[in-house]
Amino acid sequence: MTETLFNPKTCAFTEFDGETRRLLRATVNWFEDRGKARLLADARDRVWYAEFLDFVKTERLFAIFLTPAAEGGGDPDKRWDTARIAMLSKILGFYGMQYWYVWQVTILGLGPIWQSANKEAKARAAAALDSGEIFAFGLSEQAHGADVYSTDMVLEPKPRGGFTATGGKYYIGNGNQAAMVSVFGRRADKPIIDSADFLRKMTDEEYSGYLFFAADSRHKNYKLRKNVVDSQMYVAAFDLENYPVAESDILHTGRAAFDAAMNTVNVGKFNLGFGAVGACEHALYEAVTHADSRILFGHRVTEFPQVKSLLADCFARLIGMKLYSERAIDYMRSARENDRRYLLFNAIEKMSVTRNGQKLYEDLADVIAARGFENDMYFPMAMVGMFGLPRLEGTVHVNLALSLKFMPNYMFHPADAGLAALRYLPGASVAPKAAVRAISGALSWTSRRAAAPASRAVPTLKAEFARATHAPVKTRRDAADDEFLFRQGPSSGLGKIRFADWKPVFENFAHVPNVAVFLEQALALQTLLAAATPTAAQQEDVDFLFGLGELFTMVPYAQLILEQAEIDGTDPAVLDQLFDVFVREFSKHAITLHSKPTATKAQQTRALDLVRRPVADDARFDEVLSQVRKLAGAYVMNP
């Protein structure tokens, strides 16, 4: 699945059980039978996808894929299976982001419900799914955006129990027809948290006024205002006016309501990367088919040097997106209370995969030029979605900030403790690159050989080694219910999560020239962080930290790509081309960090140590390009 592009006409979905294969094939057939012309016309005319939802209802597609086993009433096919959810996300992205969106928002709407202890609400949700209903997630407000502390959805307690809710929500997908809308609000008789002070540790009493409750979009006190986007999908603005909220509608209260919001996003945002992969695969088929058949100045467009470079990079970038995403599934499905590494890999799936998809789309636009705007192409239909995905369900900035919480424990395994000496060596922060590299390498070598024996004698170090020791994560395509995702627990404590050593998988691929260069860059980043640690002021400077974050997040992104490449036996030529891209982008981010106005002299010096030139190889480049050109005509959607 990661070696080549997804071709819906030939894919057999062999990694899944029989009922899953049948439903995935039925979904593909529904789109192919509908045909490209109808698909594009419906998008242009902003036709609500009632016929697709009829198909969903008839096949019980959402009911089977989105009902956890515990709520499935003994149906052996119902479970929350991240692997098959990801595949359906890819298929829907392949045919149109609007179809992906109605599915994605239903996932978000179900999150607070499946995490709740409210059995009555869960039973209502399971029955609604069986009836073919969709769901919505009522968190965002126009005035407050991601500042959920300041919510204006206010619930007045009623003397005999329950509440009346009044307030508005904005940018709520499926808000026009959702059977249940999971709405976040606050009680009028409890204090509101000052969001300007959100970094302070809050007490349970301060959280006590917040809650999640379930609302019905068909209730007369639910006032649908408008669709806030000009699209086939419905992204609602709605108001509740003295909406009656019974105790049986309450899903979460207090701190648990905030945890439910964060954990729902943890589950839901994972699918954005797979939607991006599907859209990019369809777009690449279209672009290569067009460019390879177009003759200009006596040459195929795919023979122009600048186009060859763009297409080779696009293909390698897309294979990287697929490799990372497939491996991230395994970490999501293997998550448990003492292994929460998925929280980093999930944030990167959302942020890095979608941004790589946007970059791929930009490069393909330069390949096909005006053709990318014509009304018989999939390309322009998906374009808005590809620019939207990095900015939805937590912006790039939100996920970059989240990722930074993991940086110390990811970049420095307990065996790297000796590198801390760089901070105290006179001149280490500004010494010549070769000298610092030699010192850093010697410290790392010594530390790694001394750390294991020391851990047996030093209880604290022993505990750190234990926390950083994880059993190998297996490939997870088994037909299992990922029930842990609905009992993730508190959303705090991210800085305590330990990671296994990231270096070995890079060393296993050191025979691939540009992987070896990238490893040098990653080690230089480790040296920078040890020798020129951000100051107290810089740790409050979000712009500076984001510069570091751009560099850091490339390392785990590359790690999971190589782990999946090891599983799949990925073509070394494609990997070399992909890491050629990574070396260039890492160098660009290093120069950006060097140029930050608040960077210290030491940081400016060490940042330039990260700049490398990728290894060029004409034979490798031609091999990758030949794979790209084979895509011409390999898939064309039914007319």
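The entries below cover a pair of helices, a pocket, the salt bridges and the cavities.

**Entry 1: what I am looking at.** I remind myself that this is a predicted model.

Entry 2: I began with helix H12, residues 342-368, and helix H13, residues 378-388. At what angle do the axes of H12 and H13 cross? I found roughly 145 degrees, with the axes coming within 10 Å. I then looked up the hand of the H12 and H13 crossing and noted it as left-handed.

Next I listed who touches whom. From H12 I wrote down Gly357, Gln358, Tyr361, Glu362, Leu364, Ala365 and Ile368. Their partners in H13 are Tyr378, Phe379, Ala382, Met383, Met386 and Phe387. Sorted by class, this contact of H12 with H13 has 10 nonpolar residues, 2 polar ones and 1 charged one.

**Entry 3: the second largest pocket.** I counted 26 residues in its lining, and Ser231, Met233, Met381, Val384 and Gly385 are the ones nearest the centre. Which element gives the largest share of the lining of the second largest pocket? My note says H13, with 5 residues. By class, the lining of the second largest pocket has 16 nonpolar, 6 polar and 4 charged residues.

**Entry 4: salt bridges.** How many salt bridges does the structure hold? I wrote down 49. I picked one to follow up: arginine 124 and aspartate 249, whose side chains meet at 3.3 Å, N to O. Arginine 124 sits in helix H7 (residues 119-130), while aspartate 249 is in the loop between strand E7 (235-245) and strand E8 (250-253), so this pair ties together parts that lie 125 residues apart in sequence.

Entry 5: Rolling a probe the size of a water molecule over the atoms shows where empty space is left. I noted 2 cavities of 30 Å³ or more.

The largest cavity has a volume of about 60 Å³. Its lining is made of Glu15, Phe16, Ala83, Ala86, Met87, Lys90, Phe274, Glu326, Ile329 and Arg477. Helix H5 (82-95) and helix H11 (305-333) are the elements that give two or more residues here. H5 gives the most to the lining of the largest cavity, with 4 residues. I sorted this lining into 6 nonpolar and 4 charged residues, with no polar ones.

The second largest cavity has about 50 Å³ of space. I listed Trp80, Thr82, Ile85, Ile107, Val267, Phe270, Asn271, Met332 and Leu485 around the second largest cavity. H5 turns up here too, and H5 and helix H10 (270-293) each supply at least two residues of this lining. The classes for the second largest cavity are 7 nonpolar and 2 polar, with no charged residues.

Conventions: Residues are numbered from 1 along each chain as its sequence is written. This is a predicted model: local features need pLDDT of at least 70, side-chain atom pairs count only at pLDDT 80 or more; totals for chains, interfaces and linings use all residues. Side-chain values use heavy atoms; hydrogens and water are left out. Axes are lines fitted to C-alpha atoms, for helices over the stretch in contact, and angles run from 0 to 180 degrees between N-to-C directions. A crossing is left-handed if the near helix is turned anticlockwise from the far one by less than a right angle, and right-handed if clockwise. Contact means heavy atoms within 4.5 Å. Ala, Val, Leu, Ile, Met, Phe, Trp, Tyr, Cys and Pro count as nonpolar, Asp, Glu, Lys and Arg as charged, and the others, Gly among them, as polar. On a 1 Å grid over the protein atoms alone, a cavity is a set of points where a 1.4 Å probe fits but cannot get out, and a pocket is an open set with protein on both sides within 12 Å along at least five of seven lines; lining residues have an atom within 4 Å of a point. A salt bridge is a side-chain nitrogen of Lys or Arg within 4 Å of a carboxyl oxygen of Asp or Glu. Grid points are joined across faces, edges and corners, and a volume is the space filled by probe spheres set on the points.
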